[in-house]
Amino acid sequence: MAEEKEKQEKPAEEEKKEKSAEQEEKSAEKKPEAKPKAEVKTELKPAEAPPHKKLKKVARMTLAEVETEIKSVKEKMGGFQSNFAQHLLARKQELAGK
């Protein structure tokens, strides 16, 4: 019986060796795939959009700046229902009153 166990253990060891060899082959195949990933990263850098312009506070805008913002809000939002649009209109009245 001891001989049978040894015979069973030997094929199991051989299977482990075969599996490890297969895993090494797979890992060797995966290594070239890592290179395209690095290329993708370099391709994305030039395609990045420039940083957005920081909006100026409504309380610090001039009349001309307020009017241009009002035009863009009307085009983009379709009206003056938003709080931003309401603040712009209030600022315009404040500057027009002076």
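Contact here means heavy atoms within 4.5 Å. The legends below describe a predicted model.

Figure 1. L88 is found in helix 3. Not counting residues up to four places away in sequence, L88 touches V58, M61, V66, E69, I70 and V73. L88 counts as buried because its relative accessibility is 1%, and buried means under 20%. M61 lies 27 residues from L88 along the chain, and the C-alpha atoms of the two are separated by 9.1 Å.

**Figure 2. Overview of the chain.** The protein has three helices and zero strands, and its pattern along the sequence reads α-α-α. Of its 98 residues, 9% count as buried. Among the contacts with a separation of 6 or more, 48% come from residues 24 or more positions apart. Helix 1 covers 2-47, helix 2 covers residues 63-77, and helix 3 covers residues 83-97.

**Figure 3. Packing of helix 2 against helix 3.** The axes of helix 2 and helix 3 are 10 Å apart, and the two helices pack at an angle of about 150 degrees. Angles over 145 degrees count as roughly antiparallel, so helix 2 and helix 3 are roughly antiparallel to each other. Their crossing is left-handed. On the helix 2 side, the contact is made by L63, V66, E67, E69, I70 and V73; on the helix 3 side, by F84, A85, L88, L89, R91, K92 and L95. By class, the residues of this contact are nine nonpolar, no polar and four charged.

**Figure 4. The largest nonpolar core.** Seven residues make up the largest nonpolar core: V58, M61, V66, I70, V73, A85 and L88. Helix 2 and helix 3 are the elements that give two or more residues to this core. Helix 2 gives the most, with three residues.

Figure 5. V58 is found in the loop between helix 1 and helix 2. Its relative accessibility is 17%, and V58 therefore counts as buried. Residues up to four places away in sequence aside, V58 touches F84, H87, L88 and R91. V58 and L89 are 31 residues apart in sequence, with a C-alpha to C-alpha distance of 9.9 Å.

**Figure 6. R91, a buried residue of helix 3.** R91 lies in helix 3 and takes part in the contact with helix 2. R91 counts as buried because its relative accessibility is 13%. Leaving aside neighbours within four places in sequence, R91 is in contact with V58, A59, R60, M61 and V66.

**Figure 7. E67 on helix 2.** E67 is found in helix 2 and is among the residues that make the contact with helix 3. Its relative accessible area is 33%, so E67 is partly exposed. E67 and L89 are 22 residues apart along the chain, and their C-alpha atoms are separated by 8.8 Å.

Definitions and conventions:
Residues numbered from 1 in each chain as written. Predicted model: local features only at pLDDT ≥ 70, side-chain atom pairs only at ≥ 80, totals over all residues. Heavy atoms only, no water. Helix = DSSP H or I, 4+ residues; strand = E, 2+ residues; numbered from the N terminus. Buried < 20%, exposed > 50% of the residue type's maximum accessible area, 1.4 Å probe, protein only. Axes fitted to C-alpha atoms, helices over the stretch in contact; angles between N-to-C directions. Parallel < 35°, antiparallel > 145°, perpendicular 65-115°, else oblique. Left-handed = near helix turned anticlockwise from the far one by under 90°. Nonpolar A, V, L, I, M, F, W, Y, C, P; charged D, E, K, R; others polar. Core = buried A, V, L, I, M, F, W, Y, C linked by side-chain atoms within 4.5 Å.
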